[in-house]
Amino acid sequence: TQWVYGFGGGSADGDASMKNLLGGKGANLAEMARLGLPVPPGFTVTTEACVSYFSNANTYPADLGDQVAAGLKTVEGIVGKTFGDAANPLLVSVRSGARASMPGMMDTVLNLGLNDHTVEGLAKLSGDRRFAFDSYRRFITMYSNVVLGLSHDDFEEVLDDHKDRLGVTVDTDLTAADWEKVVADYKAVVERELGQPFPQDPQDQLWGAVSAVFASWMNDRAKFYRRMHDIPESWGTAVNVQSMVFGNMGETSATGVAFTRNPSTGEARLYGEFLINAQGEDVVAGIRTPQSLTRVGREEMGETAPSMEEAMPGVFAEFVEVVGRLESHYRDMQDIEFTVEQGRLWMLQTRNGKRTAKSALKVAVDLAGEGVISEEEAVSRVEPAALDQLLHPTLDPNAERKVVAAGLPASPGAATGKIVFDADAAEKASQMGDAVILVREETSPEDIHGMHAARGIVTARGGMTSHAAVVARGMGRPCVSGAGEIHIDEAAQTFTARGRTFKAGEVITIDGSKGEVLDGAVAMIEPELTGDFQTLMGWADKVRRLKVRANAETPLDARTARGFGAEGIGLCRTEHMFFDEERIAAVREMILSDDEAGRRVALAKIAPFQKSDFVELFTIMAGLPVTIRLLDPPLHEFIPHTDEDIDALAETSGIDAAKLKKRARELHETNPMLGHRGARLGVAYPEIYEMQVRAILEAALEVKKTAAEAPIPEIMHPLVALGLEMKFLRELTDKTAKAVFAEAGDTVEYLVGTMIELPRAALRAADLAEHAEFFSFGTNDLTQTTFGISRDDSGRFLQAYMDKGIFETDPFVRLDQDGVGDLIRIAAERGKTVRPDIKMGICGEHGGDPSSIAFCETVGLTYVSCSPYRVPIARLAAAQAAL
Ligand code: ADP
Ligand code: MG
Ligand code: MG
């Protein structure tokens with residue numbers, strides 16, 4: 001097996017396509033060498049060698065030693081120096097490099113090969129004894145720390161003592177003789193701490209470093225990082241051994257890092273920092289303040305020290321040329337590391353640069369504009385989920401954060417406001433012009449008005465799909481859910497977290513993107529949906545097949561959704577329209593009536609509200625489809641539970657209080673989510689759905705008269721399981737429609753369909769399709785009913801499943817494509833056998849999740865529907881799914 005791949009001197013064994021074998025760093029070093037760029041020669045020990053090392057009880061492959069020796073020989077040949085040679089020593093760096101760049105891996109060791117003899121050779125060759133001993137002391141510190149496991153502090157102390165003794169403050173003031181003394185003391189530290197001298201044999205040093213790189217693949221930091229980012233342990237890491245070049249050889253030497261474009265803004269201009277007379281780690285270590293690369297950059301930062309452009313114009317010009325080549329070669333923004341040794345440029349690393357969402361957008365659009373990539377490639381370059389960063393105000397990353405409690409990042413964005421503990425208080429305060437944060441144990445539909453009034457929501461309990469989370473995302477309100485550290489004392493109007501007590505009215509800030517509650521007001525950055533955003537979304541719209549709709553019921557949400565490019569409403573939940581103070585009394589009266597006549601009296605009071613809601617919604621969505629789900633929640637949710645509330649209702653409705661109480665008891669359910677809800681309401685009390693259908697169609701007729709285009713209502717029956725159930729509901733709907741049209745002397749186009757949210761419905765989709773003109777997969781409930789896991793209670797045990805690797809992700813966030821997905825596939829297939837042109841969409845939370853959207857594309861759904869603020873994400877994800 002070939003374990004070692006050489007690079008340098010204008011050629012390489014590997015190339016950029018070999019990241020799996022050579023790691024990202026090694027593959028790109030090889031590629032740069034092939035391009036003829038100045039890369040210090042070296043070789044890469046493959047990830048396969050690492051894998052073999054671990055599967056053979058930490059022993060190297062038998063022939064690795066010979067291959068490394070041969071690799072070294074080649075490097076020696078190219079640079080004309082010999083590893084371990086006292087007169088003319090080759091020094092190397094040892095650098096880790098996995099497939100994906102991974103913090104937590106071993107730090108790089110520089111200047112390896114130095115010992116008491118070679119340091120003299122380096123001094124003589126360079127004619128600079130100070131430089132040689134400066135390099136040696138750096139090597140001892142790094143090697144001792146990274147390979148031998150000693151603390152940096154041990155060495156810092158020694159250096160500080162010397163500086164005190166000499167009366168100097170900066171490293172650059174130490175002379176050659178001073179460094180020699182420091183080196184002697186450093187070696188003594190190693191001997192004292194380890195009971196052994198610092199390794200003098202360069203071969204020992206090299207193999208010590210190689211095994212340290214391998215071992216770092218298994219350290220806790222690396223394991224943790226892998227788990228966070230789904231990186232398999234089986235990949236292993238490569239090791240790069242590379243001849244040293246020196247940025248610390250005086251004023252004509254330097255080291256630096258660069259981005260070909262600005263990684264936070266995307267501005268198409270070289271961006272970065274460098275340090276004169278320094279080695280790699282100095283730039284990041286913050287020992288000295290680095291200087292800007294360009295003159296413009298320096299002026300912007302108000303720096304006085306010259307930029308690289310001004311200090312070394314010759315090499316700078318060459319550098320600009322090289323990085324330009326790299327960017328056009330890789331066709332993306334590059335993140336580059338380089339060193340200048342006595343006026344000569346050396347390239348040490350390049351990779352596609354990490355960037356903010358804003359930068360990703362601008363870079364993609366600019367590169368397409370420059371003709372470097374196609375519009376479609378630009379679409380594929382931006383991570384849909386990252387758009388979230390752009391759509392909400394976010395916390396200023398430079399602001400100080402005092403975390404009060406941590407919870408789940410339930411709804412992105414940030415908000416600051418005064419603490420309130422109930423929905424009415426939230427509404428009142430916001431009417432007074434106060435910004436408030438609603439803090440609750442958990443929320444229920446009765447809190448909607450308060451959630452609307454609040455700038456943000458915090459709950460102590462509940463998961464990513466709890467009521468608070470779903471509604472907050474729908475409204476675009478930032479929300480932190482399940483912040484279990486928060487203990488609310490409603491009576492005292494306080495909450496306690498991490499030993500601190502907060503009173504109502506105190507100011508907190510929440511970061512819904514991170515799931516944190518912070519003390520006080522924290523500075524924010526407002527979103528700006530710039531030209532680049534519009535441009536990229538336009539390109540995405542050209543390639544996608546899936547339509548994108550929004551889940552919305554309020555005019556505000558509907559308008560937001562249209563603003564974000566929604567092509568209709570995929571889910572309008574009518575019950576959300578019932579909780580308004582004026583209406584809830586009539587709704588309760590309707591539910592608590594014990595006969596149809598009583599219900600009809602109450603329904604007649606609700607009907608005008610319902611109709612005017614739809615008129616507003618249809619006007620906003622004129623010309624687009626609007627799917628309206630008829631009443632769905634268990635009646636239980638509407639019932640007043642306290643005697644006080646029942647008495648109040650008795651008063652307004654004129655119904656006897658005792659009778660109301662008896663009826664409330666009768667309606668109580670043990671398991672309401674599997675109880676009297678959904679289509680079961682329509683079957684038991686057809687007059688409810690009749691009223692709703694009437695309101696929908698009368699509203700449509702009214703809007704048709706004034707709007708340029710008629711709305712297209714899609715009347716949706718929830719929680720249907722049986723063909724005959726669907727037949728009954730279809731006939732009820734059509735009969736009502738006929739009556740409405742006859743009265744009006746006019747008609748509108750409408751569709752009747754169902755949600756698929758029960759396994760039986762999916763399996764018997766053909767029966768349903770006989771009567772349903774569309775299916776909408778209600779994947780929240782379908783996940784709940786398929787797994788038999790309550791979405792409101794899953795938070796208590798899901799984490800244990802994820803920790804144990806049984807669930808990879810929360811199935812309420814990312815669609816379970818195997819199980820729930822199978823049901824969707826089956827339903828789609830069987831539905832089409834009866835009705836080939838059946839419209840199909842998804843309206844669960846999954847409708848806004850990019851990987852779930854990709855799944856919807858493969859199943860051939862017509863559209864996805866998601867909360868308004870996720871519409872742009874869905875448009876982009878749908879485009880990527882189609883590419
Ligand atoms: P990281 O992955 O943490 O960036 P690197 O292996 O890229 O670690 O090394 C960090 C820095 O060390 C580089 O940016 C460079 O400045 C310096 N360095 C690494 N190898 C060499 C070398 N052969 N010659 C000079 N400097 C080097
Ligand atoms: Mg690096
Ligand atoms: Mg449902």
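Residues are numbered from 1 along each chain as its sequence is written, and chains are lettered from A and ligands numbered from 1 in the order in which they are written. Because the model is predicted, local features need pLDDT of at least 70 and side-chain atom pairs count only at pLDDT 80 or more, whereas totals for chains, interfaces and linings use all residues.

The chain is divided into domain 1 (70–243), domain 2 (254–355), domain 3 (395–525) and domain 4 (544–882); these bounds come from an automatic or database domain assignment. Taken over C-alpha atoms, the centres of domain 2 and domain 3 are separated by 43 Å.

An open sheet is formed by five strands in the order β11-β10-β9-β12-β13, with antiparallel pairing. At its edges stand β11 (291–292) and β13, each with a single partner strand, so one side of each is left without a neighbour in the sheet. Here helices (H or I, at least four residues) and strands (E, at least two) are DSSP runs numbered from the N terminus, and two strands pair if DSSP finds at least two bridges between them. Strand β9 (residues 254–259) runs antiparallel to β12 and is joined to it by six bridges; Gly256 has Phe338 in β12 as its bridge partner. Helix α13 (residues 313–330) lies across β9, β12 and β13, at about 150° to β12. Contact requires C-beta atoms, placed from the backbone, to lie within 7 Å. Axes are lines fitted to C-alpha atoms, for helices over the stretch in contact, and angles run from 0 to 180 degrees between N-to-C directions.

Strands β12 (334–341) and β13 (344–352), together with β6 (92–98), are the elements that give two or more residues to the shell around ligand 1. Of the 14 residues around this ligand, Ser93, Arg95, Thr108, Gly280 and Glu337 come nearest, a residue being near if its C-beta atom, placed from the backbone, lies within 6 Å. Domain 1 and domain 2 each supply at least three residues of the shell. Its residues divide into five nonpolar, seven polar and two charged; Ala, Val, Leu, Ile, Met, Phe, Trp, Tyr, Cys and Pro count as nonpolar, Asp, Glu, Lys and Arg as charged, and the others, Gly among them, as polar.

A second sheet is closed: eight strands form a barrel in the order β27-β28-β29-β30-β31-β32-β33-β34, with parallel pairing. Its neighbouring strands are turned by 25° against each other on average, direction ignored. Three bridges join the parallel strands β28 (residues 569–573) and β29 (residues 625–629), and Cys572 stands opposite Ile628 in β29. Helix α27 (residues 686–706) lies across β29 and β30 (712–717), running at about 170° to β30.

An unreviewed UniProt entry places the feature "binding site" at Glu757 and Asp781. These positions span 25 residues in sequence, yet no two of their C-alpha atoms are more than 5.4 Å apart, so they gather at one spot. Glu757 lies in the loop between β31 (751–756) and α29 (759–763). UniProt positions are given in the numbering used here, feature names are shortened, and annotations may be inferred rather than shown by experiment.

Conventions: Contact = placed C-beta atoms within 7 Å.
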